[in-house]
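Good morning, and thank you for coming. Please look at the sequence and the structure together while I speak.

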Amino acid sequence: MPTPEFIIQIREKIGTDPLWLPGVKAVVIHGRKVLLVRRADNGRWTLPAGILEPGEEPAIAAVREVFEETAVRCAVTRLVGVATTDEALYPNGDRAQYLDIILAGEYLGGAAKVNDDENLEVRWFDLDGLPDVPPKHSRAIAWTLDPKPGGHFITGRQAPASSVPLA
């Protein structure tokens, strides 16, 4: 999938400066297997993920991204957690960081295959035999396998008192 038009329009104004964007990661588990894609830009195995379009609901974006990338149909079953990603530096020099909305997905159908130009491979991996995935993707899988009422969140960092509005 090419860069969304709204991102191209923003990049025309700000160049390669960092963007803060909402994103989704979908952890689709079928039996004891998880759906992964091998990205064309860096060759890494990751969860299906992507940027929300303006006004798009996160669960709808997750279902859309899974299908666009893998041809697998899924339904979002729950919020797994919310965190942030590390800043990404793309080959063209663009920089971005994402609010990472992690959602669990239930497999509904479809044969897993490369369904876009963003990925080189698509596979179901046994949960006990995962390839090397980036740490925050590994964390998303672990969080999905360890459901927590209300979801997982990173805590412990509090804003300095001077930056908290009083009214």
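Which residue takes a positive phi in the hairpin of S2 and S3? The residue is Gly43, with a phi near 75 degrees, and the hairpin leaves five residues between its two strands. Before I continue, please note that this is a predicted model.

Let us stay with strand S2, residues 33-39. S2 and strand S3, residues 45-46, run antiparallel and are joined by two bridges. Within this pair, Val37 stands opposite Thr46 in S3.

S2 also pairs with strand S1. Again there are two bridges, and the strands run antiparallel. Here His30 faces Lys33 of S2 as its opposite residue. S1 and S2 form a hairpin too, with two residues between them. In that turn, Gly31 has a positive phi of about 65 degrees.

There is a further partner, strand S8, which spans residues 119-126. S2 and S8 pair in the antiparallel sense over seven bridges, and Arg39 stands opposite Asn119 in S8.

I now turn to helix H1, residues 5-14. Which residues of H1 are buried? They are Phe6, Ile7 and Arg11. These three lie on the same side of H1, because they cover an arc of only 135 degrees around the axis. The general principle is that an α-helix has 3.6 residues a turn, so residues three or four places apart point the same way. On the face turned away from the buried side, H1 carries the exposed residues Glu12 and Lys13.

What do the buried residues of H1 pack against? Their partners are strand S1 (19-30), strand S4 (49-51) and strand S7 (95-109). Just after H1 comes Gly15, which takes a positive phi of about 65 degrees.

My last topic is the largest pocket. Its volume is about 1400 Å³. Of the 47 residues that line this pocket, Arg39, Asp41, Ala88, Tyr90 and Tyr98 are the closest to its centre.

Which strand gives the most to the lining of the largest pocket? That is S1, with five residues. Among the other elements that each supply at least two residues are H1, S2 and S4, as well as helix H2 (58-70) and helix H3 (135-145). By class, the lining holds 21 nonpolar, nine polar and 17 charged residues.

Thank you for your attention.

Definitions and conventions:
Residues numbered from 1 in each chain as written. Predicted model: local features only at pLDDT ≥ 70, side-chain atom pairs only at ≥ 80, totals over all residues. Heavy atoms only, no water. Buried < 20%, exposed > 50% of the residue type's maximum accessible area, 1.4 Å probe, protein only. Helix = DSSP H or I, 4+ residues; strand = E, 2+ residues; numbered from the N terminus. Arc of directions from axis to C-beta. Contact = heavy atoms within 4.5 Å. Pairing = 2+ DSSP bridges. 1 Å grid on protein atoms, 1.4 Å probe; cavity = no way out; pocket = protein on both sides within 12 Å on 5 of 7 lines; lining within 4 Å. Points joined across faces, edges and corners; volume = space filled by probe spheres on them. Nonpolar A, V, L, I, M, F, W, Y, C, P; charged D, E, K, R; others polar.
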